[in-house]
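Hello,

Here is the structure we spoke about handing over. Please look through it first; my notes follow below.

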Amino acid sequence: MRTNRLFQIIYILLKKGTVTAEELARYFEVSQRTIYRDIDILSVAGVPVYTKKGKGGGISLLQDFVLDKSLLSDAEQNDILSALYGFASVGSGDSAPVLHKLSTFFSKKAVPWLDVDFSDWGDSNLDLFDALKTAILKRRIVAFDYYNSCGEKSRRKVEPVQIRFKDRAWYMYGYCLCKEDYRIFKLTRIQNFTVTDTTFACQHQELGESTADNEKTEMISGCCIEMRFAPQAAYRLYDTFDISQIHPQEDGGFLVSITWPLDDWVWGFILSFGGMVEVLQPAALRTLIQEKAAEIVDKYK
């Protein structure tokens with residue numbers, strides 16, 4: 001983290017000439033004392049940085065200073081190029097020119113370690129991804145209609161914090177102004193998305209697992225479901241469930257135990273396996289599956 005900040009400080013000074021410690025502290029969201037410690041570290045490392053007090057003063061570099069690539073170790077250079085390549089791979093057009101410049105500067109070629117293809121999203125979802133990125137970087141509140149796992153539609157206003165990829169799906173993590181708490185939203189369930197002109201203060205410091213994760217909370221408060229699957233369902237089971245939840249049987253079939261909420265999504269998911277699955281418990285879900293299957297049969301009489 002500090003190495004990255006030191007590199008950015010040099011870049012800012014090269015670009016702007018003179019910057020106050022207060023401005024840098026506000027930009028990096030650290031104390032001015034931390035900035036002055038960073039300046040001391042740069043000086044010890046041989047970077048000709050100096051401070052000037054009084055009106056018009058601040059932190060500056062000697063006029064003829066040129067960034068020396070030897071300031072960064074070989075491993076640090078590779079880390080920077082790898083990170084920029086990752087941004088370029090997920091469609092960040094802004095990072096491509098920087099990647100090319102730094103590759104030339106370091107006399108290194110970025111290793112193509114990541115390849116991400118968003119083509120199955122379609123053009124509209126690519127637009128959503130770009131709009132979300134803009135909203136996060138510019139700290140703009142977003143508004144949209146959202147369908148939860150129970151099929152309920154609601155209008156939301158959210159301070160977006162992060163785009164996440166988890167378990168084969170993309171999500172937005174942010175502070176929901178309607179619920180007054182942090183929530184995650186599956187991007188495929190978002191409709192009528194707009195980026196508003198209203199900005200929000202940068203107060204979201206923690207980007208770890210949300211304790212208010214609405215989807216996870218529902219899963220924890222669900223009930224235990226046991227199902228028996230036919231052998232030919234194996235490919236979908238390992239795509240969907242954790243290996244610890246799948247128990248192979250002597251006849252080639254599988255038993256799966258999972259804690260899920262008994263909502264519309266669950267019975268719809270189970271029915272998608274057709275005759276390859278049997279719900280063993282709870283009894284209420286067995287009855288529900290029977291009723292839904294009967295409704296389907298009635299439609300085709």
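**Helices H2 and H3**

In H2, the residues Ala21, Glu22, Leu24, Ala25 and Phe28 meet Gln32, Ile35 and Tyr36 of H3, where a contact means heavy atoms within 4.5 Å. Helices (H or I, at least four residues) and strands (E, at least two) are DSSP runs, numbered from the N terminus. By type, the residues of this contact are six nonpolar, one polar and one charged; Ala, Val, Leu, Ile, Met, Phe, Trp, Tyr, Cys and Pro count as nonpolar, Asp, Glu, Lys and Arg as charged, and the others, Gly among them, as polar.

H2 covers residues 21–28 and H3 residues 32–44; their axes come within 8 Å and cross at roughly 105°. Axes are lines fitted to C-alpha atoms, for helices over the stretch in contact, and angles run from 0 to 180 degrees between N-to-C directions. The two helices are therefore roughly perpendicular to each other (under 35 degrees is roughly parallel, over 145 roughly antiparallel, 65 to 115 roughly perpendicular, the rest oblique). The loop between H2 and H3 contains Glu29, whose phi is near 60°, a positive value in a residue other than glycine.

**What kind of model this is**

This is a predicted model, in which local features need pLDDT of at least 70 and side-chain atom pairs count only at pLDDT 80 or more, while totals for chains, interfaces and linings use all residues. Residues are numbered from 1 along each chain as its sequence is written, and side-chain values use heavy atoms, leaving out hydrogens and water.

The protein has a mean pLDDT of 79, with 71% of its residues at 70 or more; pLDDT is the predictor's confidence in each residue, from 0 to 100. For residues 208–213 the pLDDT is below 50, and this stretch has 13 contacts in the model beyond near neighbours in sequence. Where pLDDT is low, the predicted coordinates should not be read in detail.

**Helices H9 and H10**

The axes of H9 (residues 264–271) and H10 (residues 283–299) come within 10 Å and cross at roughly 65°. That makes H9 roughly perpendicular to H10. Val266, Trp267, Ile270 and Leu271 of H9 meet Leu285, Leu288, Ile289, Lys292 and Ile296 of H10. Eight of the residues in this contact are nonpolar, none polar and one charged.

Pro282 sits in the loop between strand E12 (277–281) and H10, and a cis peptide bond, with omega about 5°, joins Gln281 to Pro282.

**Aromatic pairs**

There are 16 aromatic pairs in the structure (rings of Phe, Tyr and Trp, its six-membered ring, with centres within 6.5 Å; planes under 30 degrees apart are stacked, over 60 edge-to-face, the rest tilted). The ring centres of Phe129 and Trp170 are 5.5 Å apart and the planes are at 80°, so this pair is edge-to-face.

Regards
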